[in-house]
Amino acid sequence: TTTAASTASTSLVEILRIIGGWRLAWRASLAHEERILLIRLSHLGDVVHALPVFHALRAAHPDARLAWAIEPEFAGLIDGLPGLERTILFERRRAAKAWLALAAQLASFNPTWIVDAQGNLKSAAVSLCAPSARRSGLNRRDWREPAGSRVLHDWAAPTTALPAHAIDRMLRLCEHVGGPATEPCFDLGLSSEELLRGERALETALGSAPEPTDVLLALSGAGDVRSWPLPHWIQLARELAHSGRRVLAISGPGEIEIGQLLASELQTEPKVRSWIGQRGLRELGAALTIAARAKARYVGVDSGPMHMAVAAGMSVVALEGPQSHLRTGPWPLPERESAAARHRIVRNSEPPSCAPCFSRICRHPQGPVCMTALETALVLEALN
């Protein structure tokens, strides 16, 4: 009974905050200021892909106040982004309370324009939590769950490239909300202090300043069909070290065990070092930016850190299996570059007929052979 009363009391407080927020917002609306809310809740790579939309809005509407609705685990990437006034958190794990808290935040910001860069039912529901005068977003056919597109008032033009890459969709949205799009801007707006901290972290991990022959390996967690097996990472690191190149194996909070196993296996290799359990998205972005300036290379699967490496300007070797670089690979696509391509795509020399399947669950009788049978020699060749 006490718990139920406490929950009811908390909900009432949240509702009163929402009402109070709308009253304040109504007064602020008399000033006729433009307040734009960008919605891109998850995941890390998709948040990186939405950066060009933010920059297009900021460039086209320099006097507007800008907010970004995002889930907490990815908010660290955009905290400190120049021109971003507010980060509005959607704490989805709080269930019903998440929606009350979200509505209270939106009430206090009171957006006059919502731009949905996600395109699913969840993002559509978020936009309905604020009675905005205008709701814009991706073209109907670019929505993952098209029914949600009905909440919008206007839509971006459809992509012309087939298959459409995620950045193609973002560029169409950039054009719709900001005018003719040029090259997408992925700038994280890292401060000089952030870059210095990233440089120090990278030098500590490597043992000295990065060099053009260095290779950063972004280890992938077990259980993900996109992952490359740990023995392959170990073999790749050992062969790179034997060829005279320094290797830094990076593992995030979800790959600590894998990072420790690789470090233990290669502890006698002086040219192989490990950055185990790296935390802090902006620190990682700064470290990748410093590595890019030194012309170091990056090897990884289709993941958020890979897209961060691309945004930082690194040359990426992407390991492809159930995914397709034509949809979510490193940008710009090698096929579209007239000069020497910046990125390389490596896939199994004899991929199964089901690849790419675009699924997070492998149904192949022998498991995800598109990744497990991807040869180390092909990755070494791509790095030459």
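One thing to keep in mind before we start: this is a predicted model.

The largest nonpolar core has 68 residues, and the ones with the most contacts inside it are V53, W68, V115, L288 and M314. Helix α2 gives the most to this core, with nine residues. There is also a second, separate core of 29 residues, which includes V215, L217, L266 and M371.

Look for α11: the axes of α2 and α11 come within 7 Å and cross at roughly 25°. Angles under 35 degrees count as roughly parallel, so α2 is roughly parallel to α11. The crossing of these two helices is left-handed. Zoom in on the contact and you'll find L44, G45, V48 and H49 on the α2 side, facing G304, P305, H307, M308 and A311 on the α11 side. Sorted by class, the α2 and α11 contact has five nonpolar residues, four polar ones and no charged ones.

Now stay on α11 and look for another partner. Helix α10 (residues 281–293) packs with α11 (residues 304–312) at an angle of about 50°, with the axes 8 Å apart. That angle makes α10 oblique to α11. The crossing of α10 and α11 is right-handed, while the one between α2 and α11 is left-handed. From α10, the contact uses L281, L284, G285, L288, T289 and A292; from α11, it uses P305, M308, A309 and A312. By class, that gives eight nonpolar residues, two polar and no charged. You've already met some of these names: L288 is listed among the residues with the most contacts in the largest core, and P305 and M308 also take part in the contact with α2.

A further helix pair is worth a stop. Helices α4 and α5 (residues 121–128) pack at about 50°, with their axes 10 Å apart. These two are therefore oblique to each other. W99, L102 and L106 of α4 make the contact with K122, A125 and V126 of α5. In this contact there are five nonpolar residues, no polar ones and one charged one.

K122 leads us on to a glycine. G148 sits in the loop between β5 (135–137) and β6 (154–155). G148 and K122 are 26 residues apart in sequence, yet their C-alpha atoms are 8.2 Å apart in space. Is G148 buried or exposed? With a relative accessible area of 3%, G148 is buried. Leaving aside its neighbours within four places in sequence, G148 is in contact with L121, A124 and W143.

S251 has 1% relative accessibility, so it counts as buried. If you set aside neighbours within four places in sequence, its contacts are L219, I256, G259, W275, I276, G277 and Q278.

Let's finish with the backbone. Most residues other than glycine have a negative phi, and most peptide bonds are trans. Some spots here go the other way. S42 and H43 are joined by a cis peptide bond, with omega about -15°. H43 belongs to the loop between β1 (35–39) and α2 (44–60), which takes you back to the helix we began with. A cis bond also joins W331 and P332, with omega about 0°. You'll find P332 in the loop between α12 (325–328) and β12 (344–347).

Then there are the phi angles. A95 isn't a glycine, but its phi is positive, at about 55°. A95 lies in the loop between β3 (86–89) and α4 (96–109). How accessible is A95? Its relative accessibility is 49%, so A95 counts as partly exposed. F358 is another residue other than glycine with a positive phi, near 60°. Look for F358 in the loop between β12 and α13 (369–372). At 35% relative accessibility, F358 counts as partly exposed.

Note on methods
Residues numbered from 1 in each chain as written. Predicted model: local features only at pLDDT ≥ 70, side-chain atom pairs only at ≥ 80, totals over all residues. Heavy atoms only, no water. Helix = DSSP H or I, 4+ residues; strand = E, 2+ residues; numbered from the N terminus. Buried < 20%, exposed > 50% of the residue type's maximum accessible area, 1.4 Å probe, protein only. Axes fitted to C-alpha atoms, helices over the stretch in contact; angles between N-to-C directions. Parallel < 35°, antiparallel > 145°, perpendicular 65-115°, else oblique. Left-handed = near helix turned anticlockwise from the far one by under 90°. Contact = heavy atoms within 4.5 Å. Nonpolar A, V, L, I, M, F, W, Y, C, P; charged D, E, K, R; others polar. Core = buried A, V, L, I, M, F, W, Y, C linked by side-chain atoms within 4.5 Å.
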